[in-house]
Amino acid sequence: MAELKAANQRFAERARAAGLGVDVICFEVSSRTAQEAAAACGCDVGQIVKSLVFRGARSGDALLLLVSGANRVDQDGVAAAIGEALERPDADFVRAVTGYAIGGIPPLGHDQAIRTYVDRDLVAFDRVWAAAGTPNAVFEVAPAALIEAAGASVITVT
């Protein structure tokens, strides 16, 4: 196991402040993609939480979709569910609102409040794995606990 970095420690502190105790695991290998994370965690790719940041086309607000690693986002369907079209922001926008680089964005504990939506398919699992601040760090959590701590709404994303 690799050593925790400042971003991992910052995430763990923010998760605890949100009522979610987490054990951050840092791998020697990348867990940046859902496939890499599933291999490192020894779980199904569907149990990996992809934290995808979008920008609302009308509001310009950051929107966070927590998506099963097995799924792709249907942007039109999500737009219908949340009442606003989605735009893909650049990496600078993502880092500015989350405080983390793409590939290591955790599902909560960001620099700014972000409206958060959870993929309904993640709720089917007892445990899921999500990024913990860097591209080689993850944590395991029950979906219900994640939804509560993130203040998220459950929607269909596919």
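This is a predicted model: local features need pLDDT of at least 70, side-chain atom pairs count only at pLDDT 80 or more; totals for chains, interfaces and linings use all residues.
The protein chain contains 5 helices and 8 strands. Their order along the sequence is α-β-α-β-β-α-β-α-β-β-β-α-β. The radius of gyration of the protein chain is 14 Å, close to the 15 Å given by the globule rule for 158 residues, so the chain is as compact as a globular protein of that length. The C-alpha trace spans about 45 × 30 × 25 Å along its principal axes.

Of the 158 residues in the protein chain, 51% are buried. The accessible surface of the protein chain amounts to about 7,400 Å², and carbon and sulfur atoms account for 47% of that surface. When contacts between residues at least 6 apart in sequence are considered, 63% of them join residues at least 24 apart. The protein chain carries 14 positive and 19 negative charges. The mean position of the positive charges and that of the negative charges are 3 Å apart.

The relative accessible area of S31 is 8%. Because this value falls under the 20% limit for burial, S31 is classed as buried. Leaving aside residues up to four places away in sequence, S31 touches E36, A37, P135, N136, A137 and V138.

Methods
Residues are numbered from 1 along each chain as its sequence is written. Side-chain values use heavy atoms; hydrogens and water are left out. Helices (H or I, at least four residues) and strands (E, at least two) are DSSP runs, numbered from the N terminus. The radius of gyration is taken over C-alpha atoms; the globule rule is 2.2 Å times the number of residues to the power 0.38. Buried means under 20% relative accessible area, exposed over 50%, partly exposed in between (1.4 Å probe, protein chains only). Contact means heavy atoms within 4.5 Å. Accessible areas come from the Shrake-Rupley method with a 1.4 Å probe; for residues, only the protein chains shown count as cover. Lys and Arg count as positive and Asp and Glu as negative; His and the chain ends are not counted. The place of a charge is taken as NZ of Lys, CZ of Arg, CG of Asp or CD of Glu.
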